[in-house]
Amino acid sequence: VAERDAGDLDAALAHALELKRQMWNLHRRQTAQLVEQVWARAELEQQRRSLEAQTAAAIASAEEDALTRIGNRRLLERFLGNVTGEQEQIALIMADLDHFKEINDTFGHEVGDHVLRALGHILATDARSGQVVVRYGGEEFVFALPSVELEAARDFAERIRLKVSSYPWEGLETLLEVTISIG
């Protein structure tokens, strides 16, 4: 074709323009495909991030006590399962709300729930980074304190016990007194 059109400038120009048109159409199709792929990848990335966020929220929800908004037994089990060799020593402190059945019977379950929420908040504010406090069940709570010596754990438990007993519980209900047994 080139030899035939070599002497014919109009034909050569027409051929070059046709080739340019075909190349431009190919370029447009490839660009459109590339744009579609980029958008598809961006959508997939957005979906991946959304799924990761949903997964993290589901894990957090599964490891959070719905009433107190602190950890639950599953969180404690995972935490203890992840303790490394560097943290061979771990202090576990269990706290039990004294006479909780009487609180519920005397003041009602709604007040009992308020007491549990307040207690969860009190305990959570004393947990430091790397430590875990969970509602283990009913009115039982557990602190897991990695790399804490026995004497320091005893002091910590006593501070918590005093903090709970001196909390202004009567703000929830007149004559309400709350104490915990802890060890």
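**Getting started**

Asn-72 has its place in strand S1, and we'll come back to this residue in a moment. The model is predicted, so local features need pLDDT of at least 70 and side-chain atom pairs count only at pLDDT 80 or more, while totals for chains, interfaces and linings use all residues. Residues are numbered from 1 along each chain as its sequence is written, and side-chain values use heavy atoms, with hydrogens and water left out.

Helices (H or I, at least four residues) and strands (E, at least two) are DSSP runs, numbered from the N terminus.

**Exercise: around Asn-72**

Task: Find out whether Asn-72 is buried or exposed, and which residues Asn-72 touches.

Solution: 
- Start with the surface. Asn-72 is buried, at a relative accessible area of 10%. (Buried means under 20% relative accessible area, exposed over 50%, partly exposed in between, using a 1.4 Å probe and protein chains only.)
- Next, the contacts, meaning heavy atoms within 4.5 Å. Not counting residues up to four places away in sequence, Asn-72 touches Ala-62, Glu-63, Glu-64, Asp-65, Val-134 and Arg-135.
- Now pick two of those partners. Glu-63 is in the loop between helix H2 (9–62) and S1, and Asp-65 lies in the loop between H2 and S1 too.
- Check their surfaces. Glu-63 is buried at 12%, and Asp-65 is buried at 14%.
- Finally, look back from Asp-65. Leaving aside neighbours within four places in sequence, Asp-65 is in contact with Ile-70, Gly-71, Asn-72 and Arg-135.

**Exercise: building the sheet**

Task: Work out in which order the 5 strands of the open sheet stand, and which strands stand at the edges.

Solution: 
- Begin with S1. Strand S1 (residues 71–72) runs parallel to strand S3 (residues 132–137), and 2 bridges join them. (Two strands pair if DSSP finds at least two bridges between them.) Here Asn-72 stands opposite Arg-135 of S3.
- Step on to S4. S3 pairs with strand S4 (residues 140–146) in the antiparallel sense over 5 bridges, and Gly-137 has Glu-140 as its bridge partner in S4. The S3–S4 hairpin has 2 residues between the strands, and Gly-138 there takes a positive phi near 45 degrees.
- Go to the other end. Strand S2 (residues 90–97) pairs with S5 in the antiparallel sense over 3 bridges, with Ala-95 opposite Ile-182 of S5.

**Exercise: two helices meeting**

Task: Describe at what angle helix H5 and helix H6 pack, and which residues meet.

Solution: 
- Read off the values. H5 (residues 109–126) and H6 (residues 150–166) pack at about 145 degrees, with axes 11 Å apart. (Axes are lines fitted to C-alpha atoms, for helices over the stretch in contact, and angles run from 0 to 180 degrees between N-to-C directions.)
- List the residues. Leu-119, Ile-122, Leu-123, Thr-125 and Asp-126 of H5 meet Phe-156, Ile-160, Lys-163 and Val-164 of H6.
- Sort them: 6 are nonpolar, 1 is polar and 2 are charged. (Ala, Val, Leu, Ile, Met, Phe, Trp, Tyr, Cys and Pro count as nonpolar, Asp, Glu, Lys and Arg as charged, and the others, Gly among them, as polar.)

**Exercise: the nonpolar core**

Task: Find which residues touch the most other members of the largest nonpolar core, and how many residues H5 gives to this core.

Solution: 
- Know the term first: a nonpolar core is a set of buried Ala, Val, Leu, Ile, Met, Phe, Trp, Tyr and Cys residues joined through side-chain atoms within 4.5 Å.
- Of the 28 residues in the largest core, Leu-97, Val-115, Leu-119, Phe-143, Val-164, Trp-169 and Val-178 touch the most other members.
- Ask who supplies them. S2, helix H4 (100–107), H5, S4 and H6 each give at least two residues to this core, and the largest share, 7 residues, comes from H5.
- Zoom in on Val-115. Not counting residues up to four places away in sequence, Val-115 touches Leu-97, Ile-103, Trp-169, Leu-172, Leu-176 and Val-178.
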